[in-house]
Amino acid sequence: MPLPADVEDAFSCLPLALVRVGADLRVQWCEEGFAHKTGVTLHAGGDLRDALERTRSLDAVERAIREGVPHTGHVITRALRQVRVQVKPASAGEAAGAWLVVEPSGVDDEGAFSQAVQEIARSVGETLEVDSVCAAAVVALVRCAHVRRAEVFLCEEGGDLRRVAVSDLAGTEAPEASFDSQADPFRQALALRQAQLGIQRGYGDSMGSIFAAVPLCAPRRTVGLLLLYKEPGTSFSVRELDLWGAAANQLAVAVENARLLREAKAALQVREEFISIASHELKTPLTPLKLGLFTMERRLASGQPVELATVLKSKRQVDRLVGLVDDLLDASRLDAGKLALDLAPLEVGQLVAEVVDHFRAAFERPFTVEVPRERVWVRGDRDRLEQVLVNLLENAHKYSASEEPIVVTVERSHSEARIHVKDHGIGIPGADQARVFQRFYRARNVSHRNFGGLGLGLFISHSIARLHGGGLSMCSAEGQGSTFSLALPRMAPHDVKRLPHRLLLLDEDRAQEAAAERVLLAEGFEVLTARDGAEALRRATHLPVDLIVLSTSATQGQTGVFLETFATLPRARPVPILLAGDERPWWAHEGTALCKRPYRPEELLARVRNVLSVERRPPSELPLDLLSSRS
């Protein structure tokens, strides 16, 4: 009996779909509406393998068709959907090949979704610990839903994913235990905040299975991923993914609330620690200050003179209070993002020399400064970088014996300037080193009674370094000392070349001084002049001076004041002198450069440029007489 003409209309009412393929897997006939039923797009003459993922399950279907044997199994489509396939070999006398009966294998189980959500909600009600919430969620999903394995990954700082929970109903020795957070489904799920499907190949004896990467989307950010693995032979429907996406969002809110609670507890603990430390540190200088003021008040009331030592002691306590308050204000500005920098060209060697010189004057202990011959320029806030250096040197002095040297080294690399402060003190225990740059943190081997402070200095210094585009790092061993390294980006060479040379011009003849100043300024030099050498040098301390032009006709007293002041000022490197006059004075070295005076513009500029060019040459290229004159 022939088939009715409307037989294909009847096929459209069935959930199954038919396709006829040859032994070469080419499609010979495909039921109308096949793609709508199965999600697999096929056309006559096309290759069946082009529409399916290459897995062992597809290999089994292909083998059954070629060998003419029946087979039932599941395959994965290019759209990452799983379908069930029955292979019926062609009858004898028919063309080689087989009929394939294809049907979707996904499920929409709102009951399972509802039950899982209730389980998660109950777990959240019992605890707000992040790991506990995630562990309860994966167990509920495996118990209530059609999934074989569930995992939760949370986003860490730096963008890494950390596995925090895996269903206890799944074995640990599985392909899923090896997780690549950079795989496409995971990156796309995090970037798009939408569920993505992927293939887990070769799990045990199975032919492959599908997993879903569902993002955990809190209101303000994506906090992680929920991974769901199906049993072989089942897939995720669109409706199912929507349901699990909603459940994942509820889990994300729970995770975010748990994190906020943990951070709030940590903040309260920090607050309590701060109040304890601050009250102790602020009270420590207040007590002797109050006693000192009481003593001064009593002596003044009785008509007795106030001793200078009492005033100085009180002043030291006031300075200590000011330092504590400044640290608190800086920490507050950093939290609010209001710590502004006043950036300007800064020569690192000169800054280091000046700061260390202040410490030499204040403390009787050895300091060593090592700077490269070439100047090292950065763009920085001088006051803030001085604050960092002072903090590092104070710590080195505080935590090491007074007879031990403190070594400060300036290092010049291709793109960075580095300042190393090394001491031979008590060092920092290994367990504390990861936390030394946190606010209010004090190492365990530091006595609060013997070593005061709020624990803010390194936190502020580290933050200032980062605001400059650099960093602050540390290398330490308990009992062997510490080395703190401040790294700052160097100025670009073309920017350094545009910086003007800085000249110090000292001439007792105001007319000659003005004439030389006009000539040098016109050529782009920065010129400092003053009525005497001491004032000029004081004006020149913060930035390095490239050259001193000194008149030989100055009186012996003027020259003596200049030389005495010059010898006491901090300098990272020797400063060359150009003498202006007819002959060298008795105190000048034979190799010291000389130019005529009254000044002649061409000769003055030529002499200045010649001395500066000699200073820029490597030491190996300098003449021996000039090297000896610089020693």
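I started with a helix pair: helix 10 (residues 382-398) packs with helix 11 (residues 457-467) at about 145°, the axes being 10 Å apart. This is a predicted model; local features need pLDDT of at least 70, side-chain atom pairs count only at pLDDT 80 or more, and totals for chains, interfaces and linings use all residues. Numbering runs from 1 along each chain as its sequence is written, and side-chain values use heavy atoms, without hydrogens and water.

My terms: helices (H or I, at least four residues) and strands (E, at least two) are DSSP runs, numbered from the N terminus. Axes are lines fitted to C-alpha atoms, for helices over the stretch in contact, with angles from 0 to 180 degrees between N-to-C directions.

I checked which residues touch, contact meaning heavy atoms within 4.5 Å. From helix 10, Arg384, Gln387, Val388, Asn391, Leu392 and Asn395 meet Gly457, Leu458, Ile460, Ser461 and Ile464 of helix 11.

I found five strands in an open sheet, antiparallel, in the order 2-1-5-4-3. Strands pair here if DSSP finds at least two bridges between them. Strand 2 (27-30) and strand 3 (71-76) are the edges, each pairing on one side only. Neighbouring strands are turned by 25° against each other on average, direction ignored.

I then looked at one pairing. Strand 1 (residues 17-22) and strand 5 (residues 97-104) share six bridges, antiparallel. Val21 has Ala98 in strand 5 as its bridge partner.

Last, I noted helix 3 (residues 56-67). Helix 3 lies across strands 1, 3, 4 (82-89) and 5, and runs at about 140° to strand 3.
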